[in-house]
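Okay, thanks for coming, everyone. I'd like to walk you through one model today, so let me put it up on the screen.

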Amino acid sequence: MKLNKIFAIALAALTLTACSDDDDSGMNTASGVTVNFETATLSLEETDGLVKIPVKVTGKTNGKISMNVTVTEVGQTPAKEDIHYLLTDKRLIIGEGQDVGYIELKVVNDRFLNDDRKFDLAITNVSGATKGQTSTCQVTIKDNDALLYGRLQGSWTMNGLDPFEDDEVPTVCMATVSGVNPGEEGYGEELTISFRAVGDSNTYSFKAYLTQYSDGTPALAVPLGQVMLADYNYGNGTYILDILLYALDLYEGGAYSRGTLAIDINEDESQLIWPEQYALMGYAMAQNGTGGYLGGLGYWNGYYDVTWDRE
């Protein structure tokens, strides 16, 4: 992913307690107030995305606290700022009476096998408080690229052909593939694909499972009939719908929700490919007591020659 895109994502998601309040008026004058990181060490995964690192306030304040943070590379293969992670702001303001503030950073998920990367994050230039014993936090970014499971996670773009117009559809949507945390059930196998269609504010998602064909070639298995979006409000409250995952057989003209589809993974892992005969479908199932499908709604969207292209 290009650096400017990463910056855009990080800045768009900025929700720091730190704000653009750069003046020094209204600072805390109460004594005995300290600031510390919650922990002296922190381990992150490459797939963690946007992360908030807490800075805790000890003592009662009568005004705000401000501070800066600095970073230092650690080790032979360190985590480098603006390459392996991005800080959204290096100044943090914690308001009066607040007992915690957050330093926000974006972890960059690359596709290169490497050693875990480290850097030190330090609190500096504190006004309105003093630094405590835990004013430095060593952050480790753990590599996830030894396994295909980790390499597939990240940002993708979905494209396809319109089955009715037989014409290329403009970029359909941006998608995020995410996995299960190490040690939790499904790790190494279960993935979630989440996305928004163009012009639609709703987020849709479905599960895919890492598997392989009989010759050992890896693929993703996608069970049909999954609820992609629950309790969708349609017709100004006339219907409450579940959007379900269906497939369409373009040759037979039928749709079905049972069974499992396979998504191929190309050799350089840059593309996820749906088989040509399938179209990705979302049928609307009425949940307001009427049962069955909602007549004219038909399908949510359908495409064939569907690909997910890595960003």
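Let me start with a question: are F195 and W308 buried or exposed? F195 is buried, and so is W308; buried here means under 20% relative accessible area, exposed over 50%, and partly exposed in between, with a 1.4 Å probe and protein chains only.

Quick housekeeping. This is a predicted model, so to speak of local features we need pLDDT of at least 70, side-chain atom pairs count only at pLDDT 80 or more, and totals for chains, interfaces and linings use all residues. Residues are numbered from 1 along each chain as its sequence is written, and side-chain values use heavy atoms, with hydrogens and water left out.

Back to the rings. Rings of Phe, Tyr and Trp (its six-membered ring) pair if their centres lie within 6.5 Å; planes under 30 degrees apart are stacked, over 60 edge-to-face, and the rest tilted. By this rule there are seven aromatic pairs. For F195 and W308, the ring centres are 5.6 Å apart and the planes at 65°, so that pair is edge-to-face. F195 lies in strand β14 (residues 190-197) and W308 in strand β23, so the pair ties together parts 113 residues apart in sequence. Strands, by the way, are DSSP runs of E, at least two residues, numbered from the N terminus.

Now F206 and W308: their ring centres are 6.5 Å apart with planes at 65°, so this pair is edge-to-face too. F206 sits in strand β15 (residues 204-212) and W308 in β23, so here the parts tied together are 102 residues apart in sequence. F195, Y204, F206, W274 and W308 form one aromatic cluster.

What about the core? The largest nonpolar core has 33 residues, and F195, F206 and W308 have the most contacts inside it. By nonpolar core I mean a set of buried Ala, Val, Leu, Ile, Met, Phe, Trp, Tyr and Cys residues joined through side-chain atoms within 4.5 Å. Apart from that core lies another, of 26 residues, including Y85 and V139.

T307 counts as buried because its relative accessibility is 15%. Its side chain makes a polar contact with the side chain of D309, at 3.2 Å; that means N or O atoms within 3.5 Å, where within protein one must be able to donate a hydrogen and the other to accept it, and residues adjacent in sequence count only if both atoms are side-chain atoms.

Notes:
Helices (H or I, at least four residues) and strands (E, at least two) are DSSP runs, numbered from the N terminus.
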